[in-house]
Amino acid sequence: MYRIKEIFYTLQGEGSHAGRPAVFCRFTSCNLWTGRKSDRHRAVCQFCDTDFVGTDGPGGGRFETAVELAMAVAEAWQGLPHVRSRPYVVCTGGEPLLQLDAPAVAALHDEGFEVAVETNGTLPTPAGLDWICVSPKASAEVVLTAGDDLKLVYPQPGAPPECFEDMAFTHLRLQPMDGPDVAANTRAAVAYCLAHPQWQLSLQTHKYLGIA
Ligand SMILES: C[S@@+](CC[C@H](N)C(=O)[O-])C[C@H]1O[C@@H](n2cnc3c(N)ncnc32)[C@H](O)[C@@H]1O
Ligand SMILES: Nc1nc2[nH]cc(C(=O)O)c2c(=O)[nH]1
Ligand code: SF4
Ligand SMILES: [Mg+2]
């Protein structure tokens with residue numbers, strides 16, 4: 001059974017695929033925070049910008065099988081068929097790797113999707129993923145040391161960018177930490193990229209656009 005907070009169609013806002021139409025499939029629960037505001041100060045990950053509690057969002061629910069989940073994702077896709085684009089699903093959360101398994105990835109492939117994941121990197125991946133974005137969190141050991149995007153929220157005391165440069169990721173991205181200091185964090189991220197051009201800026205463009 002898969003517990004899903006919400007399923008929605010929008011543009012990928014972040015990382016190397018920013019601007020790409022995608023279905024977002026948001027899994028409930030995370031291993032680094034309960035999702036309750038009252039617990040945030042004792043969470044491993046304290047800056048989360050997302051509500052991933054429950055199954056009550058648009059398109060959310062409990063899906064008994066991988067095929068039922070993949071059908072719900074396929075229903076959310078609104079793109080017209082074209083030889084130049086494959087339907088794209090971003091599995092996120094919460095922490096999707098608590099639930100996303102090889103049968104779910106296979107069922108999404110059977111529906112014609114390219115399958116991406118946004119993960120905190122603390123759990124192993126199922127077979128078959130087409131795109132892996134790891135976003136490390138200070139104080140949480142990264143076990144996924146290879147992938148496509150390494151997208152570091154910046155700044156994070158205890159997780160400087162240098163720690164991740166030798167891992168086997170194709171792209172290194174710095175994403176300013178949203179919150180009360182977002183303007184200063186954005187300036188700091190720009191300055192870091194200018195001085196260390198192996199890193200490129202990732203903005204959360206959906207927040208600027210006012211879309212989901
Ligand atoms: C909500 S998380 C869900 C996926 C997974 N648990 C993870 O942390 O990568 C999705 C993305 O949002 C990023 N994110 C969460 N809170 C943020 C914040 N306050 N500012 C910038 N990025 C944030 C995460 O680092 C991650 O890249
Ligand atoms: N548009 C949009 N792009 C995103 N990229 C990663 C997201 C996430 O919450 O994982 C996200 C999101 O919530 N919305
Ligand atoms: S690991 Fe991801 S989902 Fe979990 S609390 Fe942190 S940002 Fe949110
Ligand atoms: Mg988000």
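Author: Start with Pro126. Leaving out residues up to four places away in sequence, Pro126 touches Leu100, Asp101, Ala102 and Val105. Keep in mind that this is a predicted model.

Where does Pro126 sit? Its place is in the loop between strand S5 (114–119) and strand S6 (131–134). Is Pro126 buried, exposed or partly exposed? A residue counts as buried if 20 or more other C-beta atoms lie within 10 Å of its own, and as exposed if 12 or fewer do. Pro126 has 19 other C-beta atoms within 10 Å, so Pro126 is partly exposed. Now compare chain and space. Pro126 and Pro21 are 105 residues apart in sequence. In space they are 24 Å apart, C-alpha to C-alpha.

What joins S6 to the strands beside it? Four bridges join S5 to S6, and these two strands run parallel. One pair to find is Glu118 with its bridge partner in S6, Cys133. Toward strand S7 (residues 146–154), S6 has two bridges, and again the strands run parallel. Here Val134 has Leu150 in S7 as its bridge partner.

Step back to the whole sheet. Nine strands form an open sheet, in the order S3-S1-S2-S4-S5-S6-S7-S8-S9, with mixed pairing. Strand S3 (61–63) and strand S9 (200–201) stand at the edges. Each has a single partner strand, so one side of each is left without a neighbour in the sheet.

Now go to the other side of S5. Strand S4 (residues 88–92) is joined to S5 by four bridges, and the two run parallel. Val89 stands opposite Val115 in S5. Helix H1 (residues 66–76) packs on the sheet. H1 touches strand S1 (2–11), strand S2 (21–27), S3 and S4. The direction of H1 makes about 20 degrees with that of S1.

The largest nonpolar core has 42 residues. Cys25, Val73, Val89, Cys91, Leu108 and Ala116 touch the most other members. S2 gives the most to this core, with five residues. Take Leu108 as an example. Beyond its neighbours within four places in sequence, Leu108 is in contact with Ala70, Val73, Val89, Phe113 and Val115. In soluble globular proteins, nonpolar side chains tend to be buried together.

Last, look at the ligands. Which residues are closest to ligand 1? They are Asp49, Thr50, Asn120, Ser135 and Asp178, out of 19 residues that surround ligand 1. S5 and S7 each supply at least two residues of this shell. By class, the shell around ligand 1 has five nonpolar, nine polar and five charged residues.

Thr50 is also found around ligand 2, along with others including Thr10, Phe24, Thr92, Glu118 and His206. Three residues of the ligand 2 shell are nonpolar, six polar and two charged. Ligand 3 has Thr50 in its surroundings too, and among the others there are Cys30, Trp33, Cys45, Cys48, Asn120 and Lys137. Its shell has six nonpolar, four polar and two charged residues.

Definitions and conventions
Residues numbered from 1 in each chain as written. Chains lettered and ligands numbered in written order. Predicted model: local features only at pLDDT ≥ 70, side-chain atom pairs only at ≥ 80, totals over all residues. Near = placed C-beta within 6 Å. Nonpolar A, V, L, I, M, F, W, Y, C, P; charged D, E, K, R; others polar. Contact = placed C-beta atoms within 7 Å. Pairing = 2+ DSSP bridges. Axes fitted to C-alpha atoms, helices over the stretch in contact; angles between N-to-C directions. Core = buried A, V, L, I, M, F, W, Y, C linked by C-beta atoms within 7 Å.
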